[in-house]
Amino acid sequence: MLDLAQATQTAEVLTEALPYIQRFEDKVMVVKYGGNAMTDPVLESSFARDIVLLKTVGIHPVVVHGGGPQVDSLLKELGRTSERIDGMRVTDRATMDVVEMVLGGSVNKSIVNLINQHGGRAIGLTGKDASLIRAKKLMMHKIDDDGNMDMLDLGFVGDVVSIKKDVIDLMIAANFIPVIAPLGVDEDGNTYNINADVVAGKVAEFMQAEKLILLTNIKGVLDKNGNIATGLTPSKVDDMIADGTISGGMIPKISYALEAVKNGVKSAVIVDGRVPHATLLEVFTDKGVGTLISQGS
């Protein structure tokens, strides 16, 4: 027997989504996938279905993924440790081999397979494929206890110099969903491990994406009352950092989103990836579910 109330609710959801489907048709959205969403089977499935649905309604999702816990797990199995400084993994050559094997191999192919199982046409890439991500060595600036600036060598940790937009355009034109592992290569052929948030932001920037979505393990940016702050502009974010509302580990993440918006991305949003179908809720509902940063004064 038809449940009229449930059917009506479904119709209302579709009606709410319609203007967003129309607005975002043929637009690029870059989704950074990581954290709990990569380790919980229910969240993995909802993520894959979200990405396939975006593509089905005419949006062009580009997935950039992390994989830190998976790298840590294999390093532990191999009896190796990996030091982190301010959240950045110190990556010697042996560790880089493990990072490349995990991110460019098992994790990337697992995500591709997951999306394909749900009816998508995903294709896996690393930044080394067609020199997609041109990188340079990253030196970390850190202030010591005496207030002096130190330069720390993190090994094979890189920053993004450029993204080959034409490679991603080719994948999109062929109706594929690109799934990108955050590995880059420099002019000498050296491979670098790059923060996935950085890569996602730069991909969005070079693609001039409609939206950058960073799936995280937090609700979003919180205001001084503990509520999710949204509808932010670059100037408002700068103010919240200056007055201490945004602090600690949130600063780098929101900085990547902020830089993307300042460089042409229409909007960036930090979303709680622990919420099933978080991507759809953010893209197709009036309220969204995360902290939205959009272009403004």
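The structure is a predicted model, in which local features need pLDDT of at least 70, side-chain atom pairs count only at pLDDT 80 or more, and totals for chains, interfaces and linings use all residues. Residues are numbered from 1 along each chain as its sequence is written, and side-chain values use heavy atoms, with hydrogens and water left out. Helices (H or I, at least four residues) and strands (E, at least two) are DSSP runs, numbered from the N terminus.

**The largest pocket**

- The largest pocket has a volume of about 1200 Å³; a pocket is an open set of points on a 1 Å grid over the protein atoms alone, with protein on both sides within 12 Å along at least five of seven lines, and a volume is the space filled by probe spheres set on the points, which are joined across faces, edges and corners.
- The lining of this pocket consists of 47 residues, of which Gly87, Met88, Asn195, Ala196 and Asp197 are the closest to its centre; a lining residue has an atom within 4 Å of a point.
- Among the elements that each supply at least two residues of this lining are helix 3 (68-77), helix 4 (93-117), strand 6 (133-143), strand 7 (149-163), helix 6 (196-207) and helix 8 (250-262).
- By class, the lining of the largest pocket holds 20 nonpolar, 16 polar and 11 charged residues, where Ala, Val, Leu, Ile, Met, Phe, Trp, Tyr, Cys and Pro count as nonpolar, Asp, Glu, Lys and Arg as charged, and the others, Gly among them, as polar.

**The largest cavity**

- The structure holds one cavity of 30 Å³ or more, a cavity being a set of grid points where a 1.4 Å probe fits but cannot get out.
- About 60 Å³ of space lies in the largest cavity, and its lining includes Leu43, Phe47, Asp50, Leu215, Pro276 and His277.
- Helix 2 (41-56) and helix 9 (278-284) are the elements that give two or more residues to this lining, and helix 2 provides the largest share, four residues.
- The lining of the largest cavity divides into seven nonpolar, four polar and one charged residue.

**Two contacts of helix 6**

- The axes of helix 6 and helix 8 come within 9 Å and cross at roughly 10 degrees, which makes helix 6 roughly parallel to helix 8; axes are lines fitted to C-alpha atoms, for helices over the stretch in contact, and angles run from 0 to 180 degrees between N-to-C directions.
- Angles under 35 degrees count as roughly parallel, over 145 as roughly antiparallel, 65 to 115 as roughly perpendicular and the rest as oblique.
- Asp197, Val198, Gly201, Lys202 and Glu205 of helix 6 make this contact with Lys253, Tyr256, Glu259 and Ala260 of helix 8, contact meaning heavy atoms within 4.5 Å; by class, these residues are three nonpolar, one polar and five charged.
- The axes of helix 5 (residues 165-173) and helix 6 come within 10 Å and cross at roughly 80 degrees, which makes helix 5 roughly perpendicular to helix 6.
- In this second contact, Lys165, Ile168, Asp169 and Ile172 of helix 5 meet Val203, Phe206 and Met207 of helix 6, giving five nonpolar, no polar and two charged residues.

**Single residues**

- Leu232 lies in the loop between strand 11 and helix 7 (234-242) and is buried, with a relative accessible area of 4%; buried means under 20%, exposed over 50% and partly exposed in between, with a 1.4 Å probe and protein chains only.
- Leu232 and Leu292 are 60 residues apart in sequence, while their C-alpha atoms are 6.1 Å apart in space; residues up to four places away in sequence aside, Leu232 touches Val237, Met240, Thr291, Leu292, Ile293 and Ser294.
- His60 is in strand 2 (residues 60-65) and counts as buried at 14% relative accessibility; leaving aside neighbours within four places in sequence, the contacts of His60 include Asp26, Lys55 and Ile172.
- Asp26, in the loop between helix 1 (4-24) and strand 1 (28-33), has a phi near 70 degrees, a positive value in a residue other than glycine, and is exposed, with a relative accessible area of 57%.
- Gln208, in the loop between helix 6 and strand 11, also has a positive phi, about 50 degrees, although it is not a glycine, and counts as partly exposed at 47% relative accessibility.
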